[in-house]
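These are my notes from a first pass through the model. I wrote each entry as I looked the item up.

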Amino acid sequence: MTIRPLIILPDSKLRLVSKPITAVTDEVRRLADDMLETMYDAPGVGLAAIQVGVPVRMVTMDVSKSETEPQPMVLINPEILSASEETSTYEEGCLSIPEYYEEVERPARVRFRYMNLQGETIEQEAADLLATCVQHEIDHLNGVLFIDYLSKLKRDRVMTKFKKVAKREASGA
Ligand SMILES: [Zn+2]
């Protein structure tokens with residue numbers, strides 16, 4: 001397993017729409033292992049493949065609390081089937097937008113479908129943090145970031161901040 005470098009805002013790759021995975025190959029399994037390793041190392045509760053620069057529809061997640069056993073999930077081609085009208089608000093963060101957190105309102109419960117690494121199709125209900133995390137990660141596969149749900153003012157502010165950081169790093173300062 002290898003920790004892969006994370007792609008950070010404003011990298012334009014974060015806006016790519018990722019492609020479906022057609023078969024669970026060794027390469028897909030290796031990517032899943034690397035993504036889990038990268039996610040736990042960060043640490044984060046969810047990671048989409050595009051965040052390590054690979055535009056395929058795969059997500060890793062672990063929303064278990066730190067005091068319990070790890071519960072790694074690998075979701076291939078995940079999709080939301082239905083969402084509740086009721087919403088909930090969580091303070092979200094993103095490994096591609098480090099040290100920035102804002103409250104986002106999303107459907108409180110979702111039903112979703114994905115393929116696991118065994119090639120089986122799974123349908124599952126999610127609520128609470130898992131529901132938020134699934135929606136946040138599937139958004140990544142469509143080039144959507146959680147800052148897209150914020151006011152234009154807040155979004156412009158965070159974009160400006162990260163553009164400055166990127167510029168500073170590029171100039172080697
Ligand atoms: Zn994210």
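In which helix is the place of Asp-128? I found Asp-128 in helix α2. Before going on, I noted that this is a predicted model, in which local features need pLDDT of at least 70, side-chain atom pairs count only at pLDDT 80 or more, and totals for chains, interfaces and linings use all residues. Residues are numbered from 1 along each chain as its sequence is written.

Entry: terms for elements. I take helices (H or I, at least four residues) and strands (E, at least two) as DSSP runs, numbered from the N terminus.

Entry: Asp-128. I read a phi near 55 degrees for Asp-128, a positive value in a residue other than glycine. Buried or exposed? I call a residue buried if 20 or more other C-beta atoms lie within 10 Å of its own, exposed if 12 or fewer, and partly exposed in between, with C-beta atoms placed from the backbone. Asp-128 is exposed, because 12 other C-beta atoms lie within 10 Å.

Entry: helix α2. I checked the length of α2: at 1.5 Å a residue, its 14 residues should span 20 Å, and the end C-alpha atoms are 21 Å apart, which agrees. The expected span is 1.5 Å times one less than the number of residues. I noted that α2 is mostly covered, with 11 of its 14 residues buried. Among the buried residues are Leu-130, Cys-133, Gln-135, His-136 and His-140. Gly-143 follows α2 and has a positive phi, near 75 degrees.

Entry: Which residue does the UniProt annotation "active site" cover? In the unreviewed entry it covers Glu-137. UniProt positions are given in the numbering used here, feature names are shortened, and annotations may be inferred rather than shown by experiment. I located Glu-137 in helix α2 (residues 128-141). Glu-137 counts as buried because 23 other C-beta atoms lie within 10 Å. I then listed its contacts, where two residues are in contact if their C-beta atoms, placed from the backbone, lie within 7 Å. Leaving aside neighbours within four places in sequence, Glu-137 is in contact with Gly-46, Ala-48, Val-59 and Met-61.

Entry: the sheet. I followed five strands through an open sheet in the order β1-β2-β3-β6-β7, with antiparallel pairing. Two strands pair if DSSP finds at least two bridges between them. At the edges are β1 (46-48) and β7 (121-127), each of which pairs on one side only. From one strand to the next, the twist averages 40 degrees. Helix α1 (residues 26-41) packs on the sheet and touches β1, β2 (58-61) and β3 (73-83). The direction of α1 makes about 40 degrees with that of β2. Axes here are lines fitted to C-alpha atoms, for helices over the stretch in contact, and angles run from 0 to 180 degrees between N-to-C directions.

Entry: pairings of β6. How many bridges join strand β6 to β7? I found seven between β6 (residues 109-115) and β7, which run antiparallel. Arg-109 stands opposite Ala-127 in β7. The two strands form a hairpin with five residues between them, and Gly-119 in the turn has a positive phi of about 85 degrees. β3 also pairs with β6 in the antiparallel sense, over five bridges. There, Ile-76 has Met-115 in β6 as its bridge partner.

Entry: Asn-77. I placed Asn-77 in strand β3. Its phi is near 50 degrees, positive in a residue other than glycine. Asn-77 counts as partly exposed because it has 19 C-beta neighbours inside 10 Å.

Entry: cis bonds. I looked at the peptide bond from Leu-9 to Pro-10, which is cis with omega near 5 degrees. Pro-10 is in the segment before α1. The bond from Ala-42 to Pro-43 is also cis, with omega near -10 degrees. Pro-43 lies in the loop between α1 and β1.

Entry: the core. A nonpolar core is a set of buried Ala, Val, Leu, Ile, Met, Phe, Trp, Tyr and Cys residues joined through C-beta atoms within 7 Å. Of the 33 residues in the largest one, Met-35, Ala-49, Met-58, Leu-75 and Val-134 touch the most other members. I noted that α1, β1, β2, β3, β6 and α2 each supply at least two residues. Helix α2 gives the most, with six residues.
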